[in-house]
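Have a look at the fold before reading on.

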Amino acid sequence: MAAAASPQSQTVGESNLNNTHASLMNYNRTALTKTILKPIQLIHGEPTVRFTFKELDEYAVEEGLHQAVIMKLSYGAPSLQELRKLIPKQLVIKGRCLIGSLAARHLLIRCDLYEDFCSVLSKQFGYLQFNGEQHLFRNFPWTQNFNPKEETSKALAWVSLLDLPPNLFARRPLLSIASAIGKSIAIDKATQDRTRPSTARVKVILDLMDKHPKRVRMHFLDEQSGKLVEHYQQVVFDNLPFYYTYCKHQGHEDDDCRLMIQKNKRGEGNQDDIRQQGDKTNNLEQLQGDARDFLNAKKKKKKN
Ligand SMILES: [Zn+2]
């Protein structure tokens, strides 16, 4: 009697030439050969697997993380079981969503519908009602380098394009212009309905640490004469959240930072920290322009 080949005993990539169980083996072979494994390299004696950023993005899509939101909960939040019932209802999630605990007080919410992902992420903070109590939550886009101790510098922002020529309200030019600023996730209703031809508004995911352009240059080309017309499109950000690199949290600056206040109380702060507290208006303006340069300059000043 011929021994039946066990699918489990095969190693990945090994071809099976046994025709006795054709259908099972064909199925098995497809399953096995489809997954081309990344090579393991020994680098300084350590087994190492290498992935490109492009591949990481592809895996994120495969795992539904391109439509995932991190919900940060306050202390004393309801149990995961309760949250799984509450969140879809209270955040009005229409499609299927997967809710799991990623770290203490951090939920990972994967939305099947892109529409749900945009609407959940748009609720940058809010309260969940449970047993007559309100529980604060804040939402952030999921990022590859998620760390529960730090908040991502990725945030959602509305961008207004003032006096954009109305023909450029069409989807392709509008989203193309917005891509100079961030990843567009929504176009506001008045823009879509063409009821406010003076300003187009797009919601984007951007990095608060990036330099945010105040304008986008556009070139209009007359292909017949070769004439090039240059136009600068003004970009206005609505309520761009702050990102404070010291504590790696969104929503406040140094003078409102609990971590910094505690540090100063312990006497670890220096005179610069205290002096800069009277400087808020100036800081606000600069942070809205280029947070990274400004914060780096500040860091350097502190070191000197
Ligand atoms: Zn802080």
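Two strands count as paired here if DSSP finds at least two bridges between them, and the helices (H or I, at least four residues) and strands (E, at least two) are themselves DSSP runs, numbered from the N terminus. This is a predicted model, so to speak of a local feature takes pLDDT of at least 70, side-chain atom pairs count only at pLDDT 80 or more, and totals for chains, interfaces and linings use all residues. Residues are numbered from 1 along each chain as its sequence is written.

**The chain overall**
- The chain has 10 helices and 14 strands.
- Of its 304 residues, 17% count as buried, where buried means 20 or more other C-beta atoms within 10 Å of a residue's own, exposed means 12 or fewer, partly exposed is in between, and C-beta atoms are placed from the backbone.
- Take the contacts (C-beta atoms, placed from the backbone, within 7 Å) between residues at least 6 apart in sequence: 51% of them join residues at least 24 apart.

**The sheet around S3**
- Five strands make up an open, antiparallel sheet, in the order S4-S5-S3-S7-S6.
- Strand S4 (97-103) and strand S6 (125-130) are the edges; each has a single partner strand, so one side of each is left without a neighbour in the sheet.
- From one strand to the next, the twist averages 35°, with axes being lines fitted to C-alpha atoms (for helices, over the stretch in contact) and angles running from 0 to 180 degrees between N-to-C directions.
- Helix H4 (residues 114-122) packs on this sheet and touches S3, S4, S5 and S7, its direction making about 150° with that of S5.
- Strand S3 (residues 68-73) pairs with strand S5 (residues 106-111) in the antiparallel sense over five bridges, and Val-69 stands opposite Ile-109 in S5.
- S3 is also joined to strand S7 (residues 133-141) by five bridges, again antiparallel; there, Met-71 has Asn-139 as its bridge partner.
- In a regular strand, side chains alternate between the two faces of the sheet.

**The sheet around S10**
- Another five strands form an open sheet with antiparallel pairing, ordered S9-S10-S8-S12-S11.
- At its edges are strand S9 (183-187) and strand S11 (215-221), each pairing on one side only.
- The twist here averages 35° from one strand to the next.
- S9 and strand S10 (residues 199-207) run antiparallel and are joined by four bridges, with Lys-203 in S10 as the bridge partner of Ala-186.
- Helix H5 (residues 171-178) lies across strand S8 (154-162), S9, S10, S11 and strand S12 (228-238), running at about 40° to S10.

**An open helix and a buried tyrosine**
- Helix H2 (residues 53-62) lies largely in the open, because the number buried among its 10 residues is zero.
- After H2 comes Gly-64, with a positive phi near 70°.
- Tyr-244 sits in strand S13 (residues 243-244) and counts as buried because it has 23 C-beta neighbours inside 10 Å.
- Leaving out residues up to four places away in sequence, Tyr-244 touches His-249, His-252, Glu-253, Asp-254 and Cys-257.
- Tyr-244 and Asp-256 are 12 residues apart in sequence, with 9.9 Å between their C-alpha atoms.

How values were computed. Contact = placed C-beta atoms within 7 Å.
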